[in-house]
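Here is a short briefing on one protein model. Please look at the sequence and the structure before reading on.

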Amino acid sequence: MRPGTQTSHGGAGSRAAGEERALTSVAAGDRFRGEEPGDTPRLWHVTLSVSGKEAPLPEVRRALEQLAHDHPFFLTSRYAVDHAEIRYWEEARDLHDAAAVALRLWGEHRQTAGLPPWEIVGLEVIDRATYHQRIAEGYGPPPASPVGVHPF
């Protein structure tokens, strides 16, 4: 058995101390044994806020444009020399999976997209119905328009 391979399906209590739970993607329509149709992946609206030391504005823009190219559900981002906000749709089975993917997004794309070494300072993940309800009631940011990378 390979190091780091989980040998039990019993949850967090069955893992060795310090061993992390492996996250897996679930393709649309796939189900695990015993799952109901409602357990299939659905769309989640993610707002990820990052900040850190100042970086040249053209470099921040270029990096966010590369991230938009690399991440297929990228919706829009706003940026300044020391912070940015990224909004996009994520397909996941539940909020936990969507949040886990969102929390890895910046770090996993930092080198390939040339993102600044900023830290995540905020995360909001809401389901599609809540997003549309907020928009209809006049709460929250308006729908992303135009889509793309824009300064604050």
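**Glu-85 and its surroundings**

Beyond its neighbours within four places in sequence, Glu-85 is in contact with Thr-47, Leu-48, Ser-49, Thr-76, Ser-77, Arg-78 and Phe-152. The model is predicted, and Glu-85 is found in its strand 3. Glu-85 counts as buried because its relative accessible area is 16%, and buried means under 20%.

- Five strands make up an open sheet with mixed pairing, and their order is 4-1-3-2-5.
- Strand 4 and strand 5 (148–151) are at the edges with a single partner strand each, so one side of each has no neighbour in the sheet.
- From one strand to the next, the twist averages 15°.
- Strands of a sheet pair through backbone hydrogen bonds, and the pairing is either parallel or antiparallel.
- Strand 2 and strand 3 run antiparallel and are joined by five bridges.
- Opposite Arg-78 stands Glu-85 of strand 3.

**Helices on the sheet**

- Helix 2 packs on the sheet, where it touches strand 1, strand 3 and strand 4.
- The direction of helix 2 makes about 150° with that of strand 4.
- Helix 3, which covers residues 128–137, lies across strand 1, strand 3 and strand 4.
- Helix 3 runs at about 90° to strand 4.

**The largest nonpolar core**

- The largest nonpolar core has 29 residues, and the members that touch the most others are Leu-64, Leu-67, Ile-86, Tyr-88, Trp-106, Leu-115 and Trp-118.
- At least two residues of this core come from each of strand 1 (42–51), helix 1 (57–70), strand 2 (74–79), strand 3 (83–92), helix 2 (95–113) and strand 4 (119–127).
- Helix 2 gives the largest share of this core, with six residues.
- Ile-86, setting aside its neighbours within four places in sequence, is in contact with Val-46, Thr-47, Leu-48, Leu-64, Leu-67, Phe-74, Thr-76, Ser-77 and Trp-106.

**Confidence of the prediction**

- The protein has a mean pLDDT of 79, and 70% of its residues reach 70 or more.
- Confidence is highest in strand 4, with a mean of 97, and lowest in strand 5, with a mean of 82.
- Over residues 1–32 pLDDT stays under 50, and for these residues the model has 26 contacts beyond four places in sequence.

Conventions. Residues numbered from 1 in each chain as written. Predicted model: local features only at pLDDT ≥ 70, side-chain atom pairs only at ≥ 80, totals over all residues. Heavy atoms only, no water. Core = buried A, V, L, I, M, F, W, Y, C linked by side-chain atoms within 4.5 Å. Buried < 20%, exposed > 50% of the residue type's maximum accessible area, 1.4 Å probe, protein only. Helix = DSSP H or I, 4+ residues; strand = E, 2+ residues; numbered from the N terminus. Contact = heavy atoms within 4.5 Å. Pairing = 2+ DSSP bridges. Axes fitted to C-alpha atoms, helices over the stretch in contact; angles between N-to-C directions. pLDDT = per-residue confidence, 0-100.
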